[in-house]
Amino acid sequence: MNIRVGVVGPEDSLIEMMKVGQHFPDLHLIPFVYEKTEETEDIIVKNSPTVDQWFFSGQSPYYYALNKGLITEDNASYIPLHGSSFLTTLLEAFLKEGKIHSNISLDTIQVNEIDQSMPSLLNNGLTIQCHSYDGYIPSDDIIEFHQRLYEQGKSEIAFTCIRSVYNELKDLQIPVYRVIQREYATHQALEQVREKGQVSLYKKSQLVILGIEVMHTTRLQDNYYSFKLKHQELELKRVLLDFTENINGSIVKIGDDLHFIYTTRGELEYFQANRSLHDVMKEINVNSKLQTRIGVGYGLTVLEAEQHVRLAFDHARTYDETVVIEVTEEKEVLVSLNPTDQLSFQTQSVGDMWENHIKDSHISSSVVSKIMSLANHYNKETLTSQDLSRWLKSTERNARRILSELEKANLAVVTGEESGQRGRPRKIYKLKFNN
């Protein structure tokens, strides 16, 4: 399967990028031309459904799109401009001008790149005023930089990496040359695009098992309510069938209250681009009046995915409310109590740094890791047993036991007591994970 690559940049850059792309038969390059960097947003919004990877001509359009949340580091790349690209353009300019300019203004390329690529020229009277920056800045700021230096006599000639800046400086009658990407850098960047695309396609085809479980408080036994329950289960089945069809999955009933839906990560991600799994639970509740919880398991094999979905339910059943819990291939647990809030923690290990602390404790590494994540999530390093019981959705007695074990493991220390409470005062613990 070919990887669909959206190639974004000014026309002259696109011509060179498409030419190099001919050496990659497994990449289907789709060109998108812009005049100004800001046009990138409209291009991506309109064409994202038909593009697997985005490939940008340079730093500015890439970071403009990244800062806008239009792309991620996993689905986009750009061609970096090195000092060697500038040196080639500089020599071309000197040959064309018939003289060597001593004072130059340059944007985008980092100062260390210039120092490394042309130390002998810098040591022989060449002065380069650099406007280096990370990410994206508006072209007007870059134009002002070159124009100011030229009008002050501090620069005889400008070198820019941005097409719109080049055009504007020409209109201002400022001598200017454009630094463009070289074939080797483009080839290397396309190799990276291919690798990211292959990883993305692999992940999209990865198996996912979704478990939907009914949260019954009691089983209703008399005839009236048993018929009512069957009608509820029929409504549940209807919603699940619609959902399964939407994600091109296969549904299997596991017992009275549990259904497994088999699909791929790509299908689930496509569904979640428009709706959340919380919407599915809400639709189930509206139609059947049943409360449900959802567990999602990812895995390299069917067995691993099923183990992870059952692990997700082990965590989900500690909550009294509807919840979506996902367990990834790395056994990272993602807890979502609503569509906009998510907490993650690792179940495998809290790392070698904690192993000696907890090896003799009666608490698991996953519990310690979960508490660490919750403490970071709530930005809180002191707590009581009541706080922890609320975090873990457990009894206060269990929370006291866990805090006592953390204290023995030197991962928490008592710093005082909560006054003004009825009954025995609660101890206040300070967590020592970051110490």
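Predicted model: local features only at pLDDT ≥ 70, side-chain atom pairs only at ≥ 80, totals over all residues.

Mentor: Strands here are DSSP runs of E with at least two residues, helices are runs of H or I with at least four, and both are numbered from the N terminus. Residues are numbered from 1 along each chain as its sequence is written.

Start with Thr264. Thr264 lies in strand β11. Burial is judged by relative accessible area: buried is under 20%, exposed is over 50%, and partly exposed is in between, with a 1.4 Å probe and protein chains only. Thr264 has 26% relative accessibility, so it counts as partly exposed. Contact means heavy atoms within 4.5 Å. Leaving aside neighbours within four places in sequence, Thr264 is in contact with Lys204, Ser205, Gln206 and Val208. Gly249 is 15 residues from Thr264 in sequence, and their C-alpha atoms are 7.8 Å apart.

Now take the whole strand. Two strands pair if DSSP finds at least two bridges between them. Strand β9 (residues 207–214) is joined to β11 by 7 bridges, and the two run antiparallel. Within β11, Ile261 stands opposite Leu210. Strand β10 (residues 250–254) also runs antiparallel to β11, with 5 bridges joining them. His259 in β11 is the bridge partner of Lys253. The hairpin of β10 and β11 has 3 residues between the strands, and Gly255 there takes a positive phi near 80°. In a regular strand the side chains alternate between the two faces of the sheet.

Next, another sheet. It is open, has 3 strands in the order β16-β18-β17, and its pairing is antiparallel. β16 (382–383) and β17 (412–418) stand at the edges with a single partner strand each, so one side of each has no neighbour in the sheet. β17 and strand β18 (residues 426–431) are joined by 6 bridges and run antiparallel. Leu431 in β18 is the bridge partner of Ala412. Helix α17 (residues 396–408) packs on this sheet and touches β16, β17 and β18. The direction of α17 makes about 45° with that of β18. Axes are lines fitted to C-alpha atoms, for helices over the stretch in contact, and angles run from 0 to 180 degrees between N-to-C directions.

Last, a helix pair. The axes of helix α7 (residues 139–151) and helix α8 (residues 163–171) come within 10 Å and cross at roughly 45°. Angles under 35 degrees count as roughly parallel, over 145 as roughly antiparallel, 65 to 115 as roughly perpendicular, and the rest as oblique. α7 and α8 are therefore oblique to each other. From α7, Ser139, Ile142, Ile143 and His146 make the contact. From α8, the contact uses Ser164, Val165, Glu168 and Leu169.

Methods
Heavy atoms only, no water.
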